Structures are given as structure tokens and as C-alpha cells.
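Notebook open, structure loaded. I want to look up a few contacts and jot down what I find.

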Amino acid sequence: PPTAHERTEILQKFLRAVHHSLTTENIEHFAHRSHGYTGGDLKLVLQAAGLNALWRAADAEKVDAEITSIDLEAGFQEVPPSVMRGILLEVPKVRWTDIGGEEGIKQQLKKVVEWPLKYPEEIARAGIAISWQSR
């Protein structure tokens, strides 16, 4: 897939042919957050954004449709990156018995991580407050 700089250039090239209100900063922002998008994906995103702009213009009874950052955002929501299509994340099934040694550390991890998930009522009854936010 293209780099963020290359995606910026691709978006700028495609946007030259259409009426839009996107700033250079807008385009760079979208290019940086579009990791995994190919040039063809970006073309589809812009087509979706253009259709969104056309529908908005038609609803407002305007003759001229202009692609905005809202339209481009909608295009990205509609078109997933092809590099990520078909990728399924599989979480491996690991049991405590698969982890060798360090029994003390494993027991501490169980108390801190596993027990609050397994026994929330008991922990609440014991008056233990659990914060899931990092400090």
C-alpha cells in the first residue's frame, strides 16, 4: 500500500478533477489516517464522497455539488481498505497451564485481571473498587 505521503498525492490528483472545499491540511489528515488504502480504494472513497455531495446538493436544490470533509469522512466509512478486507483476527486460546514457571506472577495476574471479570459480584461485595483506567 502507498505511504501517507503517496496517499496525499493520490488524493490531490483525484481531487483536481472535482469541485471541493478541502484544504491541504484536510487532505493530509485523511491521507495519514487511511493506512491500508490503495490508490483504487481512495478513488472509491472519493466516488462515494462525490455521491454524498450530490445527494446533499439535490436535497438543498443546489445545482453545484461540492465535496466537503464531511463527505470524505462518509466515503471512508463506506469503503474499507482493501488491504484489511478478508483479514480475520484470531485470538489464540492460551491457558494458564500453557505458561511455564513464574507461579507467583501468574497468580497475581489472575487476581488483578481474571478475577474482576470472573467474580464481579464477589469483588463488589468485598467493597473493592476497580478502576479500568490507566493512571
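Predicted model: local features only at pLDDT ≥ 70, side-chain atom pairs only at ≥ 80, totals over all residues.

I started with R56 and D71, whose side chains form a salt bridge, with the closest N and O atoms 2.5 Å apart. My cut-off for a salt bridge is a side-chain nitrogen of Lys or Arg within 4 Å of a carboxyl oxygen of Asp or Glu. R56 lies in helix 3 and D71 in helix 4, so this pair ties together parts that are 15 residues apart in sequence. Helices here are DSSP runs (H or I, at least four residues), numbered from the N terminus.

Residues are numbered from 1 along each chain as its sequence is written, and side-chain values use heavy atoms, with hydrogens and water left out.

Next I asked how accessible the two partners are. I call a residue buried under 20% relative accessible area, exposed over 50%, and partly exposed in between (1.4 Å probe, protein chains only). D71 is buried, with a relative accessible area of 1%. R56 is partly exposed, at 37%.

**Other salt bridges**

How many salt bridges does the rule give? The count comes to 4. I looked up R33 and E73 as well, and their side chains meet in a salt bridge at 2.5 Å, N to O. R33 sits in the loop between helix 2 (24–32) and helix 3, and E73 in helix 4 (residues 69–78), so the pair ties together parts that are 40 residues apart in sequence. R33 is partly exposed at 36% relative accessibility, and E73 is partly exposed too, at 27%.

I also found E103 and K106 in a salt bridge, at 3.1 Å from N to O. Both lie in helix 5 (residues 103–118), 3 residues apart, which is about one turn of the helix. Buried or exposed, I wondered about K106? K106 is buried, with a relative accessible area of 8%, whereas E103 counts as exposed at 53%.

**Helix 3 against helix 4**

Two packed helices are described by the angle between their axes and the distance between the axes. The axes of helix 3 and helix 4 come within 7 Å and cross at roughly 125°. I take axes as lines fitted to C-alpha atoms, for helices over the stretch in contact, with angles running from 0 to 180 degrees between N-to-C directions. Helix 3 and helix 4 are therefore oblique to each other. My angle classes are roughly parallel under 35 degrees, roughly antiparallel over 145, roughly perpendicular from 65 to 115, and oblique for the rest.

Helix 3 passes helix 4 in a right-handed crossing. Right-handed means the near helix is turned clockwise from the far one by less than a right angle, and left-handed means anticlockwise. On the helix 3 side the contact includes L42, L46, N52 and R56, and on the helix 4 side I noted I70, D71 and F76 among others. Contact here means heavy atoms within 4.5 Å. By class, the contact has 10 nonpolar, 2 polar and 3 charged residues. For the classes, Ala, Val, Leu, Ile, Met, Phe, Trp, Tyr, Cys and Pro count as nonpolar, Asp, Glu, Lys and Arg as charged, and the others, Gly among them, as polar.

**Helix 1 against helix 3**

Helix 1 (residues 4–15) packs against helix 3 (residues 39–59) at an angle of about 45°, with the axes 10 Å apart. That makes helix 1 oblique to helix 3. Their crossing is right-handed. From helix 1, R7, I10, L11, F14 and L15 meet G39, L42, K43 and L46 in helix 3. This contact has 6 nonpolar, 1 polar and 2 charged residues.

**Loop between helix 3 and helix 4**

I checked T68, which is placed in this loop. T68 is buried, with a relative accessible area of 17%. Leaving aside neighbours within four places in sequence, T68 is in contact with S21, L22 and R56.

E61 is in the loop between helix 3 and helix 4 as well, and E61 counts as exposed at 73% relative accessibility. What is the phi of E61? It is near 55°, a positive value in a residue other than glycine. Most residues other than glycine have a negative phi.

How values were computed
Helix = DSSP H or I, 4+ residues; strand = E, 2+ residues; numbered from the N terminus.
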